[in-house]
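Welcome, and thanks for opening the viewer. Could you show me around this structure, one selection at a time?

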Amino acid sequence: MGIINILAVKLGAITESISWLGNIGSAFWCVVLVAIWKGIPFQMIFILAALQGIPGDVYESAEIDGASRFQCFWRITLPIIKEPLAIATILNLIGIVSCFNTIWLMTGGGPCTVRRYFTPLPTVRPSSTITSVQQRRRLRSYLFSWQYFPGYICAW
């Protein structure tokens with residue numbers, strides 16, 4: 001029972017606690033929320049650095065010319081920070097898309113029955129009835145089966 005469940009129950013939003021990562025519908029949004037939460041500090045530092053690079057004289061001259069705050073933002077601030085904002089957004093999107101570690105740590109590969117389709121590599125245990133050649137063949141067929149191809153692409 002996490003802090004969100006405790007607060008929601010005490011506020012009366014829900015009657016009993018919810019398994020956020022155990023439900024297919026909510027697990028996706030939990031991972032998205034964490035990925036965005038991880039990316040916000042980088043984005044804010046990038047934007048802050050871009051904003052600090054704007055000279056104050058530009059705003060002063062716009063104020064003398066009678067520009068409103070909205071016009072200053074739309075016609076001065078946004079065009080100046082456009083490139084750093086685009087770079088930070090692209091880097092953040094790359095970080096969000098490649099968040100395999102976050103997904104694996106939070107859900108273990110997926111809630112409920114989703115995990116059975118994308119399981120980690122099997123451990124090959126030596127046994128007296130199966131030879132090492134047979135074990136290698138099993139592992140090779142496991143590694144190169146098309147069933148696990150999307151998982152390899154996401155992890156790569």
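Where do F42 and F46 lie, and how many residues apart are they? Select both: they sit in helix 2 (residues 24–52), four residues apart, about one turn of the helix. Keep in mind as you look that this is a predicted model.

**Stop 1**

Show the side chains of F42 and F46. They form a tilted aromatic pair, with 5.4 Å from centre to centre and 50° between the planes.

**Stop 1**

Next, select F70 and W74. Both belong to helix 4 (residues 69–97), where four residues, or about one helical turn, separate them. F70 has 58% relative accessibility, and because the cut-off for exposed is over 50%, F70 counts as exposed.

**Stop 2: a nonpolar patch**

Finally, select I3, I4, L7, L11, I18, W20 and L21. Together they form a nonpolar patch on the surface, with about 680 Å² of accessible area. Pick out I4 from this group: you will find it in helix 1 (residues 3–11). Is I4 buried or exposed? With 54% relative accessibility, I4 counts as exposed.

Terms used: Residues are numbered from 1 along each chain as its sequence is written. This is a predicted model: local features need pLDDT of at least 70, side-chain atom pairs count only at pLDDT 80 or more; totals for chains, interfaces and linings use all residues. Side-chain values use heavy atoms; hydrogens and water are left out. Patches are made of residues with over 30% relative accessible area and no salt bridge: like charges are joined within 9 Å, nonpolar side chains (Val, Leu, Ile, Met, Phe, Trp, Tyr) within 5 Å. Accessible areas come from the Shrake-Rupley method with a 1.4 Å probe; for residues, only the protein chains shown count as cover. A salt bridge is a side-chain nitrogen of Lys or Arg within 4 Å of a carboxyl oxygen of Asp or Glu. Helices (H or I, at least four residues) and strands (E, at least two) are DSSP runs, numbered from the N terminus. Buried means under 20% relative accessible area, exposed over 50%, partly exposed in between (1.4 Å probe, protein chains only). Rings of Phe, Tyr and Trp (its six-membered ring) pair if their centres lie within 6.5 Å; planes under 30 degrees apart count as stacked, over 60 as edge-to-face and the rest as tilted.
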